[in-house]
Amino acid sequence: MLGSPPPMSDPEVIEALAKEIGLRLRRHGITGEERLVLYDRGDGVGAMPSAQLAELAGHPQVSVLLGGLAAWPGELEAGQVELEPVKVQLQPRLDALPTRAEVERRLGEEGLALLDIRTEEEFQGQGGYPCDPAPGAHPRRPADRRGRRSSTARACPRMRQKSAPPSARPKALR
């Protein structure tokens with residue numbers, strides 16, 4: 001499962017996000033009939049979330065160019081491009097972005113992998129993000145209104161389910 005739910009994600013928030021992204025794509029002349037190729041510095045980390053959001057908005061042909069612009073196999077054109085807004089309507093794919101409820105429902109599902117993407121330093125509590133209430137803390141199951149433990153940590157929108165530090169994980173998952 002790729003992506004992490006935005007804070008307070010629920011179907012209504014994701015639907016509104018899909019519509020907004022669709023509007024922005026149309027403002028840039030994106031119709032959904034073209035192949036949309038996104039690139040970044042080469043590792044895909046910057047382009048992949050954008051690709052997921054384009055899919056959420058309903059674009060049916062999204063790709064990420066791994067290796068960055070240098071990996072493009074054809075000729076490149078340089079110069080300014082005139083963008084013309086289009087009136088086509090993309091059909092949002094709300095299943096392109098997992099909701100918190102979906103993640104909770106799927107916990108324990110055979111074959112599901114939720115990855116902790118923190119660096120070794122973040123895992124050890126030597127860095128992190130403002131949303132981390134206790135840097136380096138491992139996910140716990142907070143109590144819900146009835147005192148029962150829920151399936152995911154709600155303190156931060158980044159869901160973390162792996163408890164092994166990055167150095168102990170297989171190289172493919174680091």
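Helices of at least four residues and strands of at least two are DSSP runs, numbered from the N terminus. The model used here is predicted.

**Exercise 1. Trace what Glu34 touches.**

Step 1. Set aside neighbours within four places in sequence. Gly29, His59 and Gln61 are in contact with Glu34.

Step 2. Look for polar contacts. The side chains of Glu34 and His59 are joined by one of 2.8 Å. The Glu34 side chain also reaches the backbone nitrogen of Thr31, at 3.0 Å.

Step 3. Compare C-alpha positions. Glu34 and Val62 are 28 residues apart along the chain. Their C-alpha atoms are separated by 9.0 Å.

**Exercise 2. Describe the setting of Ser63: which strand holds this residue, and which residues does Ser63 contact?**

Step 1. Locate Ser63. Strand E2, residues 62-65, contains Ser63.

Step 2. Classify Ser63. Its relative accessibility is 16%, so Ser63 counts as buried.

Step 3. List the contacts, leaving aside neighbours within four places in sequence. They are Arg35, Leu36, Val37 and Leu38.

Step 4. Pick out the polar contact with Arg35. Side chain meets side chain at 2.6 Å between Ser63 and Arg35.

Terms used. Residues are numbered from 1 along each chain as its sequence is written. This is a predicted model: local features need pLDDT of at least 70, side-chain atom pairs count only at pLDDT 80 or more; totals for chains, interfaces and linings use all residues. Side-chain values use heavy atoms; hydrogens and water are left out. Buried means under 20% relative accessible area, exposed over 50%, partly exposed in between (1.4 Å probe, protein chains only). A polar contact is a pair of N or O atoms within 3.5 Å; within protein, one must be able to donate a hydrogen and the other to accept it, and residues adjacent in sequence count only if both atoms are side-chain atoms. Contact means heavy atoms within 4.5 Å.
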